[in-house]
Amino acid sequence: MKKIYVTVLFVSVLVIGLSGQSLRETVNLALENNPAINAQKESVKSAEYAAGSVYSGSLPSLSFDASYRYQSEVPELNLSERIQTPLPITIPATRIGANHNYEMGLTAQYALFTGFAEKSAITISRQKQYLNENNLSKTQKDIAYNTIMVYRSIQNLKLSLETVQKARERAILQLNRIKSLTRQGMALAVDTLSLALSKMSYEHEILRLKAELEKAEQRLETLAGQYINVELMEAGNIQGQPAVYNPGGLEDIKALDICLLYTSDAADEEDSVD
């Protein structure tokens, strides 16, 4: 039973691998596995932690202290030796202090005014965080765009390679036909020259296309983080409408807006102080 299960699993994985990854699946893999995107994600996390650390430094702080001390010799006050009375009166000695001493303290600290340096540091840290998030969005869009371009380029190269291979096969069939006619005396040997040159041209083009295809597949593997079996291009696979131009969605403009926003806020604070 286990052998049958393993065989079925292997066949299913093989079928999935042969079917290839669609463009959407390839883009998702690139967004998940690309090293540039992962590095930018780490930068975003670092900026978030840094901003949180700077902000937490401006909050009130509480400190708790506790200590224990043992004193072996404690002074005593004995009044019976100092007071003389007709009747014998025994006054017990009184211990001044204790052997075990416990001390605890709770301290709260808060700076009422530290100037605008601390607030500026918080503003700058938040600005760095938003800029890193904006850079992450830009990197994701760039990687997705490059992935789509390389994926479509591979599809085009495969289609061109298939077309040239078909043309080479037709040239070989035509060349064999002319050679047969030449042996029968119905054609001249020079008639095979143009077909032989066409065949050599097709073979040279096939080698060039295979080299470009290999480079494109390596680039797509680098973008997606794994080997991608690109599907053949079909008319039904090309769908959708071109995106509407939206300048507000450009990361460069967003970064400029972030910088201008925080700069204007800092200028307003300086004016209010003056």
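Which residues have the most contacts inside the largest nonpolar core? The legends below start there.

**Figure 1. The largest nonpolar core of the predicted model.** This core has 24 residues. V150, Y151, I154, L220, I228 and V230 have the most contacts inside it. Four helices each supply at least two of its residues: α2 (23–33), α3 (35–57), α4 (117–183) and α5 (191–224). Helix α4 gives the largest share, 9 residues.

**Figure 2. Close-up of I154 and its contacts.** I154 is in contact with L213, A216, E217, L220 and V230. Neighbours within four places in sequence are left aside here. L220 and V230 are, like I154, among the core residues with the most contacts inside the core.

**Figure 3. N132 in helix α4.** N132 counts as buried because its relative accessibility is 18%, and the cut-off for buried is under 20%. N132 touches Q40, S43, V44 and A47. Residues up to four places away in sequence are not counted.

**Figure 4. The D142–K138 salt bridge.** The structure holds 5 salt bridges. In this one, the side chains of D142 and K138 meet at 3.2 Å, N to O. D142 and K138 are 4 residues apart in helix α4, so about one helical turn separates them. D142 is partly exposed, with a relative accessible area of 35%. K138 is also partly exposed, at 30% relative accessibility.

**Figure 5. R208 and its two partners, E205 and E212.** The side chains of E205 and R208 meet in a salt bridge of 2.4 Å, N to O. Both lie in helix α5, 3 residues apart, about one turn of the helix. The side chain of R208 also meets that of E212 in a salt bridge, at 2.5 Å, N to O. E212 and R208 are 4 residues apart in helix α5, again about one turn. E205 is partly exposed at 27% relative accessible area. R208 is partly exposed at 34%, and E212 at 30%. Elsewhere, salt bridges that share partners join R168, K199 and E203 into one network.

**Figure 6. The whole protein and the confidence of its model.** The protein has 6 helices and 4 strands. From the N terminus on, the elements run α-α-α-β-β-β-β-α-α-α. Of its 274 residues, 21% count as buried. The average pLDDT is 76, and 71% of the residues score at least 70. Over residues 4–17 the pLDDT is below 50. Beyond near neighbours in sequence, this stretch has 1 contact in the model.

Note on methods: Residues numbered from 1 in each chain as written. Predicted model: local features only at pLDDT ≥ 70, side-chain atom pairs only at ≥ 80, totals over all residues. Heavy atoms only, no water. Core = buried A, V, L, I, M, F, W, Y, C linked by side-chain atoms within 4.5 Å. Buried < 20%, exposed > 50% of the residue type's maximum accessible area, 1.4 Å probe, protein only. Contact = heavy atoms within 4.5 Å. pLDDT = per-residue confidence, 0-100. Salt bridge = Lys/Arg side-chain N within 4 Å of Asp/Glu carboxyl O.
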